[in-house]
Amino acid sequence: MIPLEVILNGSLNMIGYALATLGPALGVAWIFSSVINGTARQPEARGAMMGTAFIGFAVVEALAIIAIALAFVL
Amino acid sequence: MGFLPLLVPLDGGSTEELFEHLGWPPGVESFAGRPLLPGVLPDWVTNTVAQAIIGAILVIIMWLVFARKQTIVPSRRQFAGEFLYDIVRNGIGRDILGPDFRPYLPYLLGLISFIIVNNFFGEFFFFMFPTFSHIAYPYALAIMSWLLYIIVGIKRFGVGHYFKKMLIPEGVPVGLYPLIIPLEFISNFIVRPVTLALRLFANMFAGHLVIMVFVIGGTLLIELGGPLIAAGSVSLIMSFAIFALELFVGALQAYIFTVLTAQYVSSSIAEGH
C-alpha cells in the first residue's frame, strides 16, 4: 500500500486559496446574473451591458487570480 | 519542489530530476517539457515549443484554406470560414471596439484561433498537453496585447494625454490624485496583463491536472485490483466528462482572452467616458 504521508502531502495554501475563491465566485456570478436579467428586460442593450460586464468580470476575477499567484508563491 | 517555478517562465524545465518523475502523484513535475530529439536539436526544443509552432502553422493553414477561391455564392468550406470569422468580427470586434474595429480584427482573429488550437491540444491524441499550461506562453500573448493597447492609445492621443486619460478618471477631485493615480496605474498597466496571462495559465494548468488525476488515478486503482477495480472504472469513465469540460473551458478561455484584449484596446481608444 502507499504510505499515508505520500497521499497526504501538499500545501495548506491550496485550502486557503479554495476559501479565497468564494468571494470572486459570488462576484462573477452576480455580475453575469445581472447581465442576464438586463438582457431579458431590454435585449437591445446587450452589447453595452456585455462591455461593462467584462470589465467588471476582469476586475473581480483579478482577486482570484492574484490569490492563486500568492498561493503558488508563498 | 515548490510552486514558484510555475510563475517564472523558464521553459527549459527539462532537468534530469523532472524528467525522471513520471507517475503518481501528478504534480508540477508532470508538466516538465521533454526534449524532442535530444542530441539532434538543442534541449530547449521541447514538446511544448513544438506544439506552439505546430499550432501557429495549423492556424495559418486553416485560414488560408478558408480564404481560398472566394465566390459570391459560398461553398461549404467558405461558409464555415465566414461563420467563424463572423463570430469574431461581429461578436467581439464590432460590439466592443465600435465602428473603427477593422485594424484590430487580424490580431483578434489570430489570437482566438491560436489559443483555441493550443488549448485543444490538451485533449487531442498525439499532443495531450495544453501549451498554455506553461506560463511563458500566456505571458508572451499578454505582453503582445499589453503593448498593443498602450501603443494604440499613445498613437491616438499622444503620450501625455493618453496617460492622463488612463490614470485620472473624470470628475476626481485634485485632493485624491495621490491616491488615485498609483491605484489606476497598478490596475491598468500591471494587473491587467498579469491577470490576462494568469487566467489562461491557471485554467489550463488546473484542467490538465484534473485530467491527470482522473486518468492516472483510475489506472492505479484498477491496477490495485479487488473491489477497487469498480472505483477505477468509474474514475476512467468520468474522465470522458472531464475531457468534454476541458474542451468547453479551452474555447471559453480563448474567447475571454480575446474579449478582454478588445476591451482593453477599446478603453485605450475611447474618447472620454
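How many helices and how many strands make up the secondary structure of chain B? The count is eight helices and zero strands. Read along the sequence, the pattern is α-α-α-α-α-α-α-α. Keep one thing in mind throughout: this is a predicted model.

**Chain B as a whole**

The C-alpha trace of chain B spans about 70 × 60 × 45 Å along its principal axes. Chain B has 273 residues, and 31% of them count as buried. Now take the contacts in chain B between residues at least 6 apart in sequence. Of these, 63% join residues at least 24 apart.

**The largest nonpolar core**

The largest nonpolar core holds 48 residues. Which of them touch the most other members? They are Leu108(B), Ile112(B), Ile115(B), Phe201(B), Phe257(B), Leu260(B) and Ala262(B).

In soluble globular proteins, nonpolar side chains tend to be buried together.

H3(B) and H4(B) pack at an angle of about 120°. Their axes are 10 Å apart. The crossing of H3(B) past H4(B) is right-handed. H3(B) brings Tyr85(B), Val88(B), Arg89(B), Ile92(B) and Gly93(B) to the contact. H4(B) brings Leu105(B), Leu108(B), Leu109(B) and Ile112(B). By class, seven residues of this contact are nonpolar, one is polar and one is charged. Leu108(B) and Ile112(B) take part here, and both are also among the core residues that touch the most other members.

**Where the chains meet**

How many residues of chain A are in contact with chain B? There are 13, and they meet 14 residues of chain B. The chain A side of this contact has ten nonpolar residues, two polar and one charged.

**Confidence in chain A**

The mean pLDDT of chain A is 83. In chain A, 84% of residues reach 70 or more. Confidence is highest in helix H3 (residues 22–41) of chain A, at a mean of 94. Confidence is lowest in helix H1 (residues 4–7) of chain A, at 61. Where pLDDT is low, the predicted coordinates should not be read in detail.

Methods. Residues are numbered from 1 along each chain as its sequence is written. Chains are lettered from A and ligands numbered from 1 in the order in which they are written. This is a predicted model: local features need pLDDT of at least 70, side-chain atom pairs count only at pLDDT 80 or more; totals for chains, interfaces and linings use all residues. Two residues are in contact if their C-beta atoms, placed from the backbone, lie within 7 Å. Ala, Val, Leu, Ile, Met, Phe, Trp, Tyr, Cys and Pro count as nonpolar, Asp, Glu, Lys and Arg as charged, and the others, Gly among them, as polar. A nonpolar core is a set of buried Ala, Val, Leu, Ile, Met, Phe, Trp, Tyr and Cys residues joined through C-beta atoms within 7 Å. A residue is buried if 20 or more other C-beta atoms lie within 10 Å of its own, exposed if 12 or fewer, and partly exposed in between; C-beta atoms are placed from the backbone. Axes are lines fitted to C-alpha atoms, for helices over the stretch in contact, and angles run from 0 to 180 degrees between N-to-C directions. Helices (H or I, at least four residues) and strands (E, at least two) are DSSP runs, numbered from the N terminus. A crossing is left-handed if the near helix is turned anticlockwise from the far one by less than a right angle, and right-handed if clockwise. pLDDT is the predictor's confidence in each residue, from 0 to 100.
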